[in-house]
Amino acid sequence: ASGRNKAYAERPPRPLSSCRSRLCGQPRLSITMVLSCDYDMLHPPADLEKRKHKLKRLVQSPNSFFMDVKCQGCFNITTVFSHSQTVVLCGSCSAVLCQPTGGKARLTEGCSFRRKGD
């Protein structure tokens, strides 16, 4: 046997009275903790599911959508993709409706939008 195993075998067991815990000598308390992540896994809250990555949700769904954007000048409605990578102009007055960013497109101030439904 190696020296390390031999030294371990020769060590006597520690008596219970030498416990280093602060609660020694006191009756043990059973503490029930409710964690913030305790929820029904089959029916998770909608806000929690929306924050998850699109592939890690219970049912995979995209983050992108189409929307109707109303021009602030002529009130013409144009359909725009939420993550468009080009500048979208109004068809009648050529006003800028949205500008691309790294993710979702940024709407011009004053433009209102409505998400196209299912």
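A disulfide here is a pair of cysteine sulfur atoms within 2.5 Å. In general terms, a disulfide is a covalent bond between the sulfur atoms of two cysteines. By that cut-off, the structure holds zero disulfides. Take Cys90. Cys90 is in no disulfide, and its nearest cysteine sulfur, that of Cys74, is 3.6 Å away. Now Cys93. Cys93 is in no disulfide either, with the sulfur of Cys71 nearest, 3.5 Å away.

A word on the model. This is a predicted model, where local features need pLDDT of at least 70, side-chain atom pairs count only at pLDDT 80 or more, and totals for chains, interfaces and linings use all residues. Residues are numbered from 1 along each chain as its sequence is written, and side-chain values use heavy atoms, with hydrogens and water left out.

Back to those two cysteines. Are they buried or exposed? Cys90 has a relative accessible area of 3%, so Cys90 is buried. Cys93 has 37%, so Cys93 is partly exposed.

Next, the overall layout. The protein has two helices and six strands. Both kinds are DSSP runs, numbered from the N terminus: helices are H or I, at least four residues, and strands are E, at least two. From the N terminus on, the order is α-α-β-β-β-β-β-β. Of the 118 residues, 15% count as buried. The accessible surface comes to about 10300 Å², and 55% of that belongs to carbon and sulfur atoms. Those areas come from the Shrake-Rupley method with a 1.4 Å probe; for residues, only the protein chains shown count as cover.

Now the strands. Strands of a sheet pair through backbone hydrogen bonds, either parallel or antiparallel. Here, two strands pair if DSSP finds at least two bridges between them. Start with S1, residues 66-70. S1 runs antiparallel to S2, residues 77-81, and five bridges join them.

Which strands make up the open sheet? Three of them, in the order S3-S4-S5, with antiparallel pairing. S3 (88-89) and S5 are the edge strands, each pairing on one side only. S4 and S5 share two bridges. Gln99 stands opposite Arg106 in S5.

Stay with S3 for a moment. Leu89 has its place in that strand. At 45% relative accessibility, Leu89 counts as partly exposed.

Last stop: a loop. Gly102 sits between S4 (96-99) and S5 (106-107). Gly102 is exposed, because its relative accessibility is 87%. Its C-alpha atom is 9.7 Å from that of Ser84, which lies 18 residues away along the chain.

Technical notes:
Buried < 20%, exposed > 50% of the residue type's maximum accessible area, 1.4 Å probe, protein only.
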